Every structure is written in structure tokens, then in C-alpha cells.
Amino acid sequence: MRKNKKIILVAILLAMLIILSRFLSIKTPIMKISFAFVPTMLCAIWLGPKWTILLNVLGDLIGATLFPTGPYFVGYTISTAVAAFIYGILLYKKKEDSYTTKQFIVRLIIATTLVAVIVNMGLNTLWTSITAGKAFWVLLSTRIVKQLVMIPIHVVVILFLEKVLRKPFDKYIREPVEE
């Protein structure tokens with residue numbers, strides 16, 4: 001895939017990410033529920049870790065600048081970069097047939113679980129503890145329940161979307177344009 005196609009795709013996914021995370025999410029002082037994982041995971045599958053990190057960091061910085069929900073804290077940007085790296089390393093399909101559907105499902109479950117444990121329960125709980133002045137272990141107890149519920153939701157949503165979008169992506173984006 002040519003670089004200009006990658007840039008355009010990241011721009012579209014970036015717009016989706018900002019809309020899903022800033023406008024179509026449910027926020028509480030200690031937790032946020034959204035479908036912002038969708039553009040991140042699709043970018044990881046289609047473009048790999050470098051582009052996914054770029055997407056997530058830009059999404060966090062632009063979202064925090066244009067649509068702030070509180071003071072900016074760099075910890076959340078670090079978290080989103082770590083999540084993008086994990087997804088990108090485990091989910092990237094360099095070629096159409098990089099791995100089987102069964103292997104993709106296993107990779108998806110592993111990636112989603114790692115992000116849930118390391119980023120959402122670990123780093124984000126730490127950052128929320130620091131910024132909100134609440135006890136880490138108290139925050140963690142509520143986040144564990146949310147992550148246990150969200151892991152299967154993430155897996156099912158991405159499996160469905162990847163399957164639905166696979167053919168259009170391979171036809172219009174991955175393959176070179178015939179002139």
C-alpha cells in the first residue's frame with residue numbers, strides 16, 4: 001500500500017477515533033466507556049504498530065486540545081501509545097493471508113487481554129489515581145469488573161468488523177489502483 005493511502009486511511013480513522021472517544025462515550029470521574037477501540041484496532045490490523053501509535057497519540061493530543069474533559073495529563077498519552085503498540089504488534093496483517101482466522105482470534109484475545117490488564121487496569125488506574133487523588137486499589141476494583149465485561153465485547157465487535165471490512169479493504173485499499 002502506498003504511503004498516501006496510509007495517510008488518508010489514518011486521517012479517516014483519526015476522525016472516527018476523536019468522535020467516538022470525545023462525543024460518543026460515557027464518562028464518569030473514574031471510568032470511561034466508549035467504542036474508540038474500533039479505529040485503533042482496525043488501524044493495527046491494516047497498518048501495523050507505527051501507524052497505530054501515530055493514530056492514538058494524535059487522537060489523544062488533538063482530542064485533549066480541541067475537546068478537553070479536564071486538564072491534560074501525559075500519562076494517558078503514554079497509555080494510548082502502549083495500547084497501540086500491543087495491538088499493532090499482535091494484530092497486524094501484512095498480507096491478506098498473514099495468518100488464519102483461528103490464529104487471528106487467538107491474537108485478538110491475547111491483545112485485548114494484554115491491553116485490558118497492562119493499560120486499562122494498570123497504567124490508566126495509576127494515572128486516574130494520581131489525577132483524581134483516589135486510592136489506586138479502590139479504583140482498580142471497579143476497573144476489573146469493567147474490563148472483564150469489555151474484553152469479550154471488544155473481541156466480538158472487532159471480529160465482526162474485520163470480517164465485514166476485509167473484502168472492501170483488500171479490494172480498494174490494499175490492492176494497487178489500476179490505471
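1. Lining of the largest pocket. In this predicted model, the residues that line the largest pocket divide into 19 nonpolar, 16 polar and six charged. The lining is made up of 41 residues, and R22, K32, D60, Y76 and N124 are the ones that lie nearest the centre of the pocket. The volume of the largest pocket is about 1,300 Å³.

2. Where that lining comes from. The elements that each give two or more residues to the largest pocket are helix 1 (3-22), strand 2 (32-33), helix 2 (37-47), helix 3 (49-66), helix 4 (74-91), helix 5 (101-132) and helix 6 (136-174). Of these, helix 5 gives the most, with seven residues.

3. D60, at the largest pocket. D60 is a residue of helix 3, and it is among the residues that lie nearest the centre of the largest pocket. Is D60 buried or exposed? D60 counts as buried because its relative accessibility is 16%, and the cut-off for buried is under 20%. The side chain of D60 is joined to the side chain of T77 by a polar contact of 2.3 Å. Leaving out residues up to four places away in sequence, D60 touches R22, Y72, Y76, T77 and T80. Two of these partners, R22 and Y76, are also named among the residues nearest the centre of the largest pocket.

4. The second largest pocket. About 160 Å³ of space lies in this pocket. Its lining consists of L9, I12, L13, M16, V38, L42, W46, L161, L165, P168, F169 and I173. Helix 1, helix 2 and helix 6 are the elements that give two or more residues to this lining. The largest share comes from helix 6, with five residues. By class, the lining holds twelve nonpolar residues, no polar residues and no charged residues. For the largest pocket, by contrast, the lining includes 16 polar and six charged residues.

5. Rolling a probe the size of a water molecule over the atoms shows where empty space is left. The structure holds two cavities of 30 Å³ or more. The second largest cavity has a volume of about 40 Å³. Which residues line the second largest cavity? They are Y87, T112, V115, A116, N120, Q147, M150, I151 and H154. Helix 5 and helix 6 are the elements that give two or more residues to this lining. The lining divides into five nonpolar, four polar and no charged residues.

6. Helix 5. This helix has a kink of about 30 degrees, centred on A116. A116 is also one of the residues that line the second largest cavity. Helix 5 is followed by G133, which has a positive phi, near 70 degrees.

7. S25. This residue lies in the loop between helix 1 and strand 1 (26-27). S25 is buried because its relative accessible area is 16%, and buried means under 20%. The side chain of S25 reaches the backbone oxygen of S21 at 2.8 Å. Apart from neighbours within four places in sequence, S25 is in contact with L20, K32, I33 and S34. Among these, K32 is also one of the residues nearest the centre of the largest pocket.

8. I53. The position of I53 is in helix 3, the helix that also holds D60. I53 counts as partly exposed because its relative accessibility is 27%, which falls between the cut-offs of 20% and 50%. The C-alpha atoms of I53 and A83 are 8.1 Å apart in space, while the two residues are 30 residues apart in sequence. Not counting residues up to four places away in sequence, I53 touches A81, A84 and F85.

9. V157. This residue lies in helix 6. How is V157 classed by its accessible area? With a relative accessible area of 22%, V157 is partly exposed. V157 and F37 are 120 residues apart along the chain, and their C-alpha atoms are separated by 9.8 Å. When residues up to four places away in sequence are set aside, V157 touches F35, F37 and V38. Of these, V38 is also listed in the lining of the second largest pocket.

Note on methods. Residues are numbered from 1 along each chain as its sequence is written. This is a predicted model: local features need pLDDT of at least 70, side-chain atom pairs count only at pLDDT 80 or more; totals for chains, interfaces and linings use all residues. Side-chain values use heavy atoms; hydrogens and water are left out. On a 1 Å grid over the protein atoms alone, a cavity is a set of points where a 1.4 Å probe fits but cannot get out, and a pocket is an open set with protein on both sides within 12 Å along at least five of seven lines; lining residues have an atom within 4 Å of a point. Grid points are joined across faces, edges and corners, and a volume is the space filled by probe spheres set on the points. Helices (H or I, at least four residues) and strands (E, at least two) are DSSP runs, numbered from the N terminus. Ala, Val, Leu, Ile, Met, Phe, Trp, Tyr, Cys and Pro count as nonpolar, Asp, Glu, Lys and Arg as charged, and the others, Gly among them, as polar. The bend at a residue is the angle between axes fitted to the seven residues ending there and the seven starting there. Buried means under 20% relative accessible area, exposed over 50%, partly exposed in between (1.4 Å probe, protein chains only). A polar contact is a pair of N or O atoms within 3.5 Å; within protein, one must be able to donate a hydrogen and the other to accept it, and residues adjacent in sequence count only if both atoms are side-chain atoms. Contact means heavy atoms within 4.5 Å.
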